[in-house]
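Trainee: Please show me the model, and let us discuss the grounds on which its features are named.

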Amino acid sequence: MRQKRRISRLSRVAVAVSALALAASACGKTSTESNTPEETKGGDKAGSSAYKGKGIGLAYDIGGQGDQSFNDAAYAGYEKAKAEFKIGGVDVEPSDGESDADKVQRLTSLAKQGYNPVIGVGFVYAKAVGEVSKKFPKTTFGLIDDVTVKEPNVAGLAFSEEQGSYLAGVAAAKATKTKTVGFIGGVEIPLIKKFEAGFVQGVQDTDKSVKVKTQYLTQPPNFDGFSKPDLGREAAKGQLDDGADVIYHAAGLAGQGSIEAVAAEKKWAIGVDSDQYNQKALDKQKAYILTSMTKDVGGAVYSLTKSVVEGKPLSGEQRFDLKAGGVGLSDSNPAFKEMTDVVEAVAKAKKAIEDGTITVKSTP
């Protein structure tokens, strides 16, 4: 969970102006910039003499910091790494409607200033990372949710979302009373299809009589389905009207709207990426967040940074699956823990996936 107070969009602009005009040079708004290693008393735990970078350069995906989900999970890992290794860092917001050229400029600016690693939060950075990594071979780049860039200084940080979503499907099938559950995807792309595939399989393997209603908020190249809560709210209302009493979203900031709609009807919501039961922005709805499919984006950011600080940077595909703790299902809500049949079914499914008894599909 994030430790600092959320900075408003307006405040971020002010911070960006004072932070060496990084926002202008990187084509995005800067959330925070902290001390470089030279400005920090003491050395990092791995030995400051072994690490010569300025710190972590983190470039956010659509929705930016404060999405209570994907980007905030990355931020948590960024903060943990900075604190543990006593290094600096800067996290940069995306611009509305930006192009690949904007992303290239942003990553180029971070690399030029000496940030290492430079991490693109989301597959939307694939083209930019592919281009910029060639120009800065001594800088390690991280690309979350994409493994297509094959440069030796690039680590593709990928997750088995379908496995965690399978567990969400098991929980939904056991918790529903109407025998109807829903899935809301932000944008209909292969990545989000993995969430759908695992969820639907988990539901059907648990109880074939349960119906799954599936809806995507937008189609590419329109990515508003990850950033506009109103879209998630309306989609959830429609599924609730059709009888769904458990709704799982994979829609970033837009998913916050779906949770609000579900909670208003006192039904069950299933969150995504972060443990959304513990998100401050969702305090009023938390009693109705049954569980969340967690995705350890923060752990991936931390692991890559650790490897760079220790002088042994990761590269190539780095897979974070259920067995490795890269994905999972949260149990923060006491109401979830009290549903012993749900807990037992989830635990049984988890073991079966880990030992290979169940193979989860990555496409619907």
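Mentor: P221 is placed in the loop between β8 and α8, and a cis peptide bond with omega of about 10 degrees joins P220 to P221. The model is a predicted one, in which local features need pLDDT of at least 70 and side-chain atom pairs count only at pLDDT 80 or more, while totals for chains, interfaces and linings use all residues. Residues are numbered from 1 along each chain as its sequence is written, and side-chain values use heavy atoms, with hydrogens and water left out.

Trainee: Which other peptide bond is cis, and where does its proline lie?

Mentor: The bond from N116 to P117 is cis, with omega near 10 degrees. P117 belongs to strand β4. Helices (H or I, at least four residues) and strands (E, at least two) are DSSP runs numbered from the N terminus. The protein chain has twelve helices and 13 strands.

Trainee: Why is D145 called buried?

Mentor: Buried means under 20% relative accessible area, exposed over 50% and partly exposed in between, with a 1.4 Å probe and protein chains only. The relative accessible area of D145 is 13%, so D145 is buried. D273 has 8% relative accessibility and therefore counts as buried too. Of the 364 residues in the protein chain, buried residues make up 58%.

Trainee: Which residues of α5 are buried, and what covers them?

Mentor: In α5, A126, A128, V129, G130, V132 and S133 are buried. Their cover includes α4 (100-112), β5 (141-144) and β6.

Trainee: Why is the pair of F123 and F223 called tilted?

Mentor: Rings of Phe, Tyr and Trp (its six-membered ring) pair if their centres lie within 6.5 Å; planes under 30 degrees apart count as stacked, over 60 as edge-to-face and the rest as tilted. The centres of F123 and F223 are 6.3 Å apart and their planes stand at 50 degrees, so the pair is tilted. F123 sits in the loop between β4 (115-120) and α5 (126-135), and F223 in the loop between β8 (211-218) and α8; the two are 100 residues apart. With a relative accessible area of 22%, F123 is partly exposed.

Trainee: How do you know that the pair of F159 and F320 is stacked?

Mentor: The planes of F159 and F320 are 25 degrees apart, and the centres lie 5.2 Å from each other; the pair is stacked. F159 lies in strand β6 (residues 154-159) and F320 in strand β12 (residues 316-320), so the pair ties together parts 161 residues apart in sequence. F159 is buried at a relative accessible area of 1%, and F320 counts as buried at 16%.

Trainee: How many aromatic pairs does the structure hold, and which residues do ring pairs link into a cluster?

Mentor: There are nine aromatic pairs. The cluster is formed by F183, F199, Y216 and Y248.

Trainee: What makes α8 oblique to α9?

Mentor: Angles under 35 degrees count as roughly parallel, over 145 as roughly antiparallel, 65 to 115 as roughly perpendicular and the rest as oblique. Helix α8 (residues 229-241) and helix α9 (residues 254-264) pack at about 40 degrees, with axes 6 Å apart. That angle makes α8 oblique to α9.

Trainee: Which residues meet there, and of what classes are they?

Mentor: P229, G232, R233, A236, K237 and L240 of α8 meet A254, G257, S258, E260, A261 and V262 of α9. The contact divides into six nonpolar, three polar and three charged residues. Contact means heavy atoms within 4.5 Å. Ala, Val, Leu, Ile, Met, Phe, Trp, Tyr, Cys and Pro count as nonpolar, Asp, Glu, Lys and Arg as charged, and the others, Gly among them, as polar.

Trainee: Why is α6 called oblique to α7?

Mentor: The axes of helix α6 (residues 161-175) and helix α7 (residues 190-206) come within 6 Å and cross at roughly 40 degrees. That makes α6 oblique to α7. By class, their contact has nine nonpolar, six polar and five charged residues.

Conventions:
Axes fitted to C-alpha atoms, helices over the stretch in contact; angles between N-to-C directions.
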